[in-house]
Amino acid sequence: MLAESLSGFAVVEPAPAKINLALAVVGRREDGYHLLDSLVTFAAFGDRIGLSPAAEDRFTLSGRFSETLAAEGDNLVIRARDRLRAAFARHGKAAPPVHIHLEKNLPIASGIGGGSADAAATLRALEALWQTRLPHGEREALALGLGADVPMCLAGRPLIARGIGEDITPLALPALAMVLVNPLVGVSTPAVFKALASRHNPPLVMNDAPAGWLDAIGGLRNDLEPPARDLCPEISLVAESLAATDARVVRMSGSGATCFALYTSEAAAEAAAAMLAQRHPRWFVTATRTIGGSDGEA
Ligand code: C5P
């Protein structure tokens, strides 16, 4: 199905890719979840959700990665719909049947929050269609129950995430030219966390961007990158290929395998993406940009 096919839906909501520009693992909770300190932004590229009122609930899929998802059965879009409807029922609010369409443009299990972004976009789109919201606090708790990255995706703007991801501080960050590359090898998030050498690393220390944001971000790190590279050697190949371009920063996002590279111009990002797509036709390669500080305001 073509992208234009979403035009017939009553609500169309973007589900932008989440980019961990940096991620420190600073501790561990008693339940095994890890405490993070992460600089997060979103791409001007991602999945899309289309919603329309319907006689009964329906879920349809399109997009490059729709088949991988359909094969997996359970998905976060359906879970988000069901939990929001149950919460609305508790508040005596109507939540009638709905046709949800997911245009799946992001690779699955790839460290850029595809499933979390879809869940968050489903919540936003259903709130628009049903014209009501859960009270503040309850809304965020429902999001967190769907996954540690869902609250940040619900915020959908540059931020610092702490706790297991639910403690969010908005941040002003400019739009940055970026290339995303994934070798199309899925990486298991729990496996990467398990393989961490140290679960107590220092938090991120950001300089006040004296020489610009690219230098400030370049000085940071992703603590999940070494264990993910051990589990999935293709990540090193992706990172080396990006480092051989004009990139100013090259790093893995989340638990991988997607790596991002930042450039001083969109032209440089597009040239790098064209070159990589030609050399590695099997990889997922896209030139995009990060959203600016105010783009993603809810
Ligand atoms: O919350 P979510 O389902 O996205 O997390 C998937 C898995 O990743 C968790 O079961 C856990 O093993 C790991 N995780 C973690 N610490 C986090 C987030 C995720 O250990 N902050």
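Predicted model: local features only at pLDDT ≥ 70, side-chain atom pairs only at ≥ 80, totals over all residues.
Residues are numbered from 1 along each chain as its sequence is written, and side-chain values use heavy atoms, with hydrogens and water left out.

**Who surrounds the ligand**
- The shell (residues with a heavy atom within 4 Å of the ligand) is made up of Gly32, Tyr33, His34, Leu36, Gly147, Ala148, Ile164, Thr189, Pro190 and Phe193.
- By class, that's six nonpolar, four polar and no charged residues, with Ala, Val, Leu, Ile, Met, Phe, Trp, Tyr, Cys and Pro counted as nonpolar, Asp, Glu, Lys and Arg as charged, and the others, Gly among them, as polar.
- Domain 1 (9-170) and domain 2 (177-289) each put in at least three residues; the bounds come from an automatic or database domain assignment.
- Strand 2 (34-53) and helix 6 (189-194) each supply at least two shell residues, and helix 6 gives the most, with three. Helices (H or I, at least four residues) and strands (E, at least two) are DSSP runs, numbered from the N terminus.

**Polar contacts (N or O pairs within 3.5 Å)**
- The side chain of His34 has an N or O atom 2.7 Å from a ligand oxygen.
- Tyr33 places a polar side-chain atom 3.2 Å from an oxygen of the ligand.
- Ile164 uses its backbone instead, with an N or O atom 3.3 Å from a ligand nitrogen.
- The protein covers 70% of the 460 Å² of accessible area that the ligand has on its own (Shrake-Rupley method, 1.4 Å probe).

- Most residues other than glycine have a negative phi, and most peptide bonds are trans.
- Gly256 and Ala257 are joined by a cis peptide bond, with omega about 5°; Ala257 is in the loop between strand 8 (249-252) and strand 9 (259-263).
- Ala109, though not a glycine, has a positive phi of about 50°, and its place is in the loop between strand 4 (98-103) and helix 3 (114-130).

Methods: Polar contact = N/O pair within 3.5 Å; in protein donor to acceptor, adjacent residues only side chain to side chain.
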